[in-house]
Amino acid sequence: MKNELRLNEDRLFPSDPDQRSIARKLYAEVESLPIISPHGHTDPQWFAENEPFRDPASMLVIPDHYVYRMLYSQGVPLESLGVPATDGRVVEQDSRRIWRLFAQNWFLFRGTPTQIWFHHVLHEVFHIRERLTPESADRIHDRIADCLACPEFLPRALFERFNIEVLATTESPLDPLRHHNKMRSSGWSGRVIPTYRPDPVTDPEFEGFPGNVKKLGEITGEDTAMWQGYLRALFDRRRFFASLGATATDHGHLTAATRDLSSDACETLLKKALQGGITPEEAEEFRGQMLTEMARMSIEDGLVMQLHPGAFRNHNISLFRDFGRDKGADIPMRTDYVRALKPLLDRFGNDSRLSLILFTLDESAYSRELAPLAGHYPALKLGPAWWFYDSPEGMRFFRERTTETAGFYNTVGFNDDTRAFPSIPARHDVARRMDCAFLARLVAEHRLDEDEARDVAIDLAYRLAKKAYKL
Ligand SMILES: [Zn+2]
């Protein structure tokens with residue numbers, strides 16, 4: 001059939017026949033394991049309300065910044081893709097028109113992980129057997145729309161079909177977690193848990209910081225204009241998140257800078273941050289101090305800590321003005337960890353009650369900084385290849401550059417880190433295949449026995465994420 005969509009069963013495996021046959025055997029052991037998704041950005045409202053997804057474009061195009069950043073780079077305006085604007089301008093609402101535009105430009109994704117994920121979604125989730133082209137666009141659109149109207153495609157049904165054991169979402173401490181509450185009291189057995197992401201109240205350069213901190217005080221009944229009251233309020237919200245199942249915090253800082261300042265200095269910085277007039281250097285001091293404070297709180301309440309530094313957020317100033325944050329305009333930066341983390345590690349690095357999972361968008365840091373750090377400090381672990389490197393080459397590079405120094409057991413399994421719910425199985429499948437491919441090479445080179453590799457493959461696909469995130 002012309003334009004047939006096929007998923008080759010050996011995709012992403014090594015082309016060497018010996019390695020390929022080992023990879024196949026390893027993959028057979030992990031292919032059907034339940035999905036542990038300990039970090040991501042799906043909308044808890046989907047699972048709380050369990051309403052049908054509206055249409056193909058709003059499910060598969062509009063929420064996915066991997067998709068529209070590529071289209072934007074080729075001159076396709078975000079308005080025409082239905083991405084909501086913050087200034088109230090009119091954007092395309094018609095799912096079919098958005099879908100046609102997407103199909104016309106689908107060739108742009110050749111060779112990208114988005115293509116791999118999307119083919120998996122079409123083939124496995126919607127049982128489509130033809131490739132997306134301008135000619136097939138309407139048929140595929142209608143097929144997906146028909147599916148979305150069926151009960152088997154409701155959010156909870158898909159969650160169960162995807163064999164997700166646990167799914168973590170990400171929320172601000174100011175979030176009342178209404179959807180999580182509703183889910184828990186609904187009697188549904190699916191496990192969706194929040195993650196505590198305090199950036200709006202710990203980063204003085206976050207939009208609306210003074211108002212956010214004031215609101216934090218109102219929610220908790222603490223005087224958040226004072227350092228001790230502010231800390232108590234943050235801790236109080238951590239406890240609330242944990243009561244609804246959270247096991248982790250997440251921190252999206254510009255750098256990995258940490259500090260260990262006196263409480264007088266902290267009091268002064270907080271005042272400046274709230275009154276305005278804090279300098280960029282002082283804001284960095286404040287964020288750095290907050291990471292150390294969060295580590296201290298983690299030792300007390302057991303929440304696992306994740307640090308995602310190195311994204312220059314909202315790089316495109318006019319796009320930020322018109323469409324807001326998280327619109328595919330974030331660019332990786334060179335990132336230092338060795339010096340940056342030292343104040344925090346001096347206090348808590350040897351305490352194995354702390355688990356700080358480090359991510360990077362600076363691949364050059366893997367073998368030089370991150371693997372040696374995680375291969376030494378009991379408090380540190382390495383998160384998987386992230387964002388721009390959540391890709392076959394990114395995953396291969398991650399294993400090649402970290403395993404010899406940090407081993408497999410200072411890593412934490414896979415995170416899909418996605419807003420695109422239907423792509424979750426695809427993303428985990430890529431990670432499982434790439435880990436099996438890496439292990440197959442070690443077996444073929446007689447660096448690992450096959451039974452050991454099998455054990456590691458199961459750990460990487462399932463057990464390590466459960467253990468690292470206390471799930
Ligand atoms: Zn994330």
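Modeller: Before we start, a charge sits over a ring if NZ of Lys or CZ of Arg is within 6 Å of the ring centre and within 35 degrees of the ring normal. This is a predicted model, in which local features need pLDDT of at least 70 and side-chain atom pairs count only at pLDDT 80 or more, while totals for chains, interfaces and linings use all residues. Residues are numbered from 1 along each chain as its sequence is written, and side-chain values use heavy atoms, with hydrogens and water left out.

Colleague: How far from the centre of the ring of Trp117 is the charged end of Arg427?

Modeller: Arg427 has its charged end over the ring of Tyr66, 5.1 Å from the centre. The charged end of Arg427 also sits over the ring of Trp117, and there the distance to the centre is 3.6 Å.

Colleague: Which residues coordinate the zinc ion?

Modeller: Donors are N, O and S atoms within 2.8 Å of the metal (3.2 Å for Na, K and Ca), and water is not among the atoms, so sites may look incomplete. The donor residues follow the spacing H-x1-H-x375-D in sequence. At 2.1 Å, the zinc ion is coordinated by His39 (NE2), His41 (NE2) and Asp417 (OD).

Colleague: Is His39 buried or exposed?

Modeller: Buried means under 20% relative accessible area and exposed over 50%, with partly exposed in between (1.4 Å probe, protein chains only). Asp417, with a relative accessible area of 15%, is buried. Because its relative accessibility is 1%, His39 counts as buried.
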